[in-house]
Amino acid sequence: STDADALLKFKSSLEISSNKDALVNWGSGGSSSSPCSGDKANWVGILCEKGNVWGLKLENMGLKGNIDIESLEGVPHLRSLSLMNNEFEGSLPDVKRLGALKSLYLSRNHFSGNIPGDFFSSMLSLKKVHLAYNQLEGQIPWSLVELHRLLELRLEGNKFSGQIPNFQQKTIKSFNVSNNDQLHGQIPQILSRLDPSSFSGIEGLCGAPLKKPCNAAKVPSIGSIIMVSIAVTLALLAIGAGIVILSRCNQSSSNEEDPANGKSPSASELDPGAGVKSPDRGSSNGSVTGKRSADSAKLSFVREDSERFDLSDLLKASAEILGSGCFGSSYKAALTNGPVMVVKRFKQMNNVGREEFQEHMRRIGRLKHTNLLPLVAYYYKKEEKLLITDYVEKGSLAVQLHGHKAVGQPALDWPARLKIIKGVGKGLRYLYSELPSLITPHGHLKSSNVLLKANYEPLLSDYGLIPVVNQEHAHELMVAYKSPEYSQQSRITKKTDVWSFGLLILEILSGQFPANFLHQNKSGEEEDLASWVKSIPEKEWNTRVFDKEMGPTKSSEGEMMKLLRIAMACCESDFEKRLDLREAVEKIEEVKEKDGDEDFYSSYASEADIRSSRGLSDELNFTM
Ligand SMILES: Nc1ncnc2c1ncn2[C@@H]1O[C@H](COP(=O)(O)OP(=O)(O)OP(=O)(O)O)[C@@H](O)[C@H]1O
């Protein structure tokens, strides 16, 4: 049978080292020439139904070697694959080729490395995924969030890091990430009904079912978070303890991540009116004179045209945590009179003193462009800063590209993607012209810092911050410092933002998440999304690089190729050879939604038709 052939091929690529008897009766003649007789298995480790192989259960057999998924594609009824407790190593086998699998058990092997975010995207039948006790690392793949039938997910005992993706599946019965001690952040709400042991051994997680509440979940409003630190600051200032005390506040504010350390705030501390004087609007833009205590509670508005509100208004607003980035968390806060704002906390922003910080914020506040998210106001405190912007309804490009299904949005089509790329280019060109003194006028360009308006017009955010962010922090976390020129020569240049832009375009066109491609290859060189694209011949870009989720793009393939070539020229690791921003944006502006030559082709085609029909009739005339 075909099942038998496929399985024997599968067996031949395995190394059956410690257990020579394993799989010994596979294909050994007699009744065993066929793996199944009805529901009965003739071969070891096979599960049968009506003469077909539906499961492979090769556990505890000391197996290693190559897992030949391609040959398993020849077992059409295979729904369950278990290779638990063997000696397999390397990256996970390419199981997504087995799109009909319902159960995948690969726990207790030596699998290692990152799992691409979209790894499970085409495996929508999966109900049980067991990958526990391997050496897997990186983010937990977001595509697990899309498995709407998921019942069991076992990832314990690996080295996953980052946040737990926002699982929404009510179907989940068993879930375990324990002892992945690099995980951090809030436990998704749907998992809060599970046993706390599912999350044990991980310092950085918070929220139910753990007894450790998260900052935002601890109290209903963002106010309390800010108010605790303000109230403490004010109270201590009031008793005149000065600088010494300020540094203690510093500590208490860094400890406030851990609510177990802080005593619960009293009602009066949480009352926005308590201890906070209304900001003195007349001098809200002015230099810092006045009493320090009043000033510490003051929001500084950087724009003339924005509606004014007080810090206390924001504090009253109900807040929702949007996510935590490199610098701290961002909160969405709806003001009672309507506008919805985003408050982003920055803890590592002490590179310059107060005066210089204010000067820089005012400079950023003067920027105005269709493709920039304007800074509305900021709040200055020695140990942390808050930057306040409008909330953008459609959220970030990152979510639209990689999590659209989870948030119930359709995938972005090619015209939307082109519009976004062009808008980002225009926003960057404006930043370059308005902030000429900055080497990298953006400095932190990535898909989570591109927000989308309802019509897909993109808005850049978190721009122009390099001068104020603490240097060691900037070097560690900001996108500019991930560039080839920084890794190779410890420098950033005027073309560094162009490199980030190039990567962003590759991400938009391929739908691939760049972080999944970051690693060192065997010869120690850094690899990224660009080197992946480079490894694929141009004639295969159509089938292998472009995101299939863009929908039908036949009539645009030529233009998409053009754009991909421009992106590659932006990613050139030698910055001398790289396009500069002006060149890149000009070239991008020339890219059209449909193939530029289309009109030419259609008129050419019809002319050719006319000619050939004329030729044919001529020919007929001739033969008659
Ligand atoms: N003004 C906004 N409107 C809507 N969503 C926003 C807004 N600002 C941020 N977000 C979203 O909130 C989430 C957290 O953003 P945040 O800026 O804190 O982190 P980040 O961009 O992921 O990382 P980094 O701190 O490096 O910028 C992201 O998904 C981001 O796109």
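**A walk through a predicted model**

Let me begin with the ligand, since the shell around the ligand has, by class, 10 nonpolar, nine polar and two charged residues, where Ala, Val, Leu, Ile, Met, Phe, Trp, Tyr, Cys and Pro count as nonpolar, Asp, Glu, Lys and Arg as charged, and the others, Gly among them, as polar. Please keep in mind that this is a predicted model, in which local features need pLDDT of at least 70 and side-chain atom pairs count only at pLDDT 80 or more, while totals for chains, interfaces and linings use all residues. Residues are numbered from 1 along each chain as its sequence is written.

There are 21 residues around the ligand, and Leu322, Gly323, Gly325, Ser330 and Ser396 come nearest; a residue is near a molecule or strand if its C-beta atom, placed from the backbone, lies within 6 Å of it. Strand E19 (318-324), strand E21 (340-346) and helix H10 (397-402) each supply at least two residues of that shell.

Now the protein as a whole, which has 19 helices and 27 strands; helices (H or I, at least four residues) and strands (E, at least two) are DSSP runs, numbered from the N terminus. Buried residues account for 38% of its 624 residues, and the term needs its cut-offs: a residue is buried if 20 or more other C-beta atoms lie within 10 Å of its own, exposed if 12 or fewer, and partly exposed in between, with C-beta atoms placed from the backbone.

Let me turn to the sheets. Six strands form an open sheet in the order E8-E10-E12-E14-E16-E17, with parallel pairing. Strand E8 (89-90) and strand E17 (204-206) stand at its edges with a single partner strand each, so one side of each is left without a neighbour in the sheet. Two strands are said to pair if DSSP finds at least two bridges between them, and E8 and strand E10 (residues 110-114) do so in the parallel sense over two bridges, with Glu89 having His110 in E10 as its bridge partner.

Elsewhere, strand E22 (residues 375-380) is largely enclosed by the rest of the structure, because five of its six residues are buried. Strand E18 (residues 299-301) pairs with E22 in the antiparallel sense over three bridges, and Leu299 stands opposite Tyr379 in E22. E22 is also joined by five bridges to strand E23 (residues 385-390), again running antiparallel, where Tyr378 has Leu387 in E23 as its bridge partner, and a hairpin of four residues links E22 to E23.

Next comes helix H14 (residues 496-510), where Leu506 has its place. Because 15 of the 15 residues of H14 are buried, the helix is largely enclosed by the rest of the structure. Leu506 itself counts as buried, with 25 C-beta neighbours inside 10 Å, and, not counting residues up to four places away in sequence, Leu506 touches Leu529, Ala530, Val533, Ala567 and Cys571; contact here requires that two C-beta atoms, placed from the backbone, lie within 7 Å. Just after H14, Gly511 takes a positive phi of about 70 degrees.

Finally, which residue lies in the loop between strand E25 (458-460) and helix H12 (471-477)? That residue is Val469, which is buried, with 24 other C-beta atoms within 10 Å. The C-alpha atoms of Val469 and Met349 are separated by 4.2 Å, although the two residues are 120 apart along the chain.
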